[in-house]
Every structure is written in C-alpha cells, then in structure tokens.
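Please look over the sequence and the model below before reading on.

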Amino acid sequence: MFSFFFQSAIFNFQSLLTVVLLLICTCAYIRSLFPSLLDRNKVGLLGTFWKCARIGERKSPYVAVCCVVMALSILFWS
C-alpha cells in the first residue's frame with residue numbers, strides 16, 4: 001500500500017509538479033525566516049534545498065503564477 005502512494009507522485013506528472021512547486025515555495029519561505037540555515041549547505045544533498053530557495057527568490061513571479069495555475073488545475077480539473 002505504501003509503495004502505491006510513493007510511486008504515484010513520481011509517475012503522475014501533475015503530482016510531481018505539485019511536489020516540486022511546494023518544495024520551491026517552502027525552501028524560499030524557510031530561507032526568508034532563517035537565512036543561515038540554508039546558506040551554510042550550498043553543496044551536496046542539502047544544497048538542493050538552497051538551490052530551490054534561490055529559484056523561489058529569483059523567479060518568484062513565475063513561481064507564483066505556476067502555483068496559482070496548479071491550484072486552479074487541482075481544484076477544477078482533477
């Protein structure tokens with residue numbers, strides 16, 4: 001049962017985009033509150049969170065539009 005839920009976000013493109021958008025928004029929010037938490041880990045596996053935060057900061061209008069489109073898509077077309 002657990003493997004079904006884990007694999008559904010990988011193979012369903014809409015779910016994958018939702019997870020990526022939530023990761024970007026969450027990392028940008030955490031970096032705005034605690035900048036030193038993400039800034040000290042710029043390489044390796046934890047560097048992925050720093051990179052997501054940078055994407056969320058630099059491309060925030062595009063990320064916001066994607067979040068609104070994804071929310072409308074989930075509410076009305078799913």
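A residue is called buried here when its relative accessible area is under 20%, exposed when that value is over 50%, and partly exposed in between. By that rule, 18% of the 78 residues of the protein count as buried. The coordinates come from a predicted model, and the predictor's confidence, pLDDT, averages 84 over the protein, with 86% of the residues scoring at least 70. Confidence is lowest in helix H1, residues 2-11, where the mean is 58, and highest in H4, where it is 92. Where pLDDT is low, the predicted coordinates should not be read in detail.

The protein has five helices and zero strands, so that from the N terminus on its elements read α-α-α-α-α. Among the contacts between residues at least 6 apart in sequence, 52% join residues at least 24 apart. The protein exposes about 6100 Å², and carbon and sulfur atoms supply 74% of that area.

Which residue does the side chain of Arg31 meet in a polar contact? Arg31 lies in helix H2 and counts as buried because its relative accessibility is 16%. The side chain of Arg31 makes a polar contact, at 2.9 Å, with the side chain of Asp39. Leaving aside neighbours within four places in sequence, Arg31 is in contact with Leu38, Asp39, Trp50, Ala53, Arg54 and Glu57.

Helix H4 has twelve residues, and the 16 Å from its first C-alpha to its last is close to the 16 Å expected at 1.5 Å a residue. Gly47, Trp50, Cys52, Ala53 and Gly56 are the buried residues of H4, and they pack against H2, H3 and H5.

Helix H5 has 18 residues, which should span 26 Å at 1.5 Å a residue, and its end C-alpha atoms are 25 Å apart, which agrees. Within H5, Val63, Met70 and Ser73 are buried. Seen down the axis of H5, its buried residues fall within an arc of 85 degrees, so they too line one face of their helix. The buried residues of H5 pack against H2 and H4, while the face turned away from the buried side carries the exposed residues Pro61, Val65, Val68, Val69, Leu75 and Phe76.

Cys67 is found in helix H5 and, at 27% relative accessibility, counts as partly exposed. Leaving aside neighbours within four places in sequence, Cys67 is in contact with Leu21 and Cys25. Cys67 and Leu22 are 45 residues apart in sequence, yet their C-alpha atoms are 8.4 Å apart in space.

How values were computed: Residues are numbered from 1 along each chain as its sequence is written. This is a predicted model: local features need pLDDT of at least 70, side-chain atom pairs count only at pLDDT 80 or more; totals for chains, interfaces and linings use all residues. Side-chain values use heavy atoms; hydrogens and water are left out. Helices (H or I, at least four residues) and strands (E, at least two) are DSSP runs, numbered from the N terminus. Buried means under 20% relative accessible area, exposed over 50%, partly exposed in between (1.4 Å probe, protein chains only). A polar contact is a pair of N or O atoms within 3.5 Å; within protein, one must be able to donate a hydrogen and the other to accept it, and residues adjacent in sequence count only if both atoms are side-chain atoms. Contact means heavy atoms within 4.5 Å. pLDDT is the predictor's confidence in each residue, from 0 to 100. Accessible areas come from the Shrake-Rupley method with a 1.4 Å probe; for residues, only the protein chains shown count as cover. The expected span of a helix is 1.5 Å times one less than its number of residues. The arc is that of the directions from the helix axis to the C-beta atoms.
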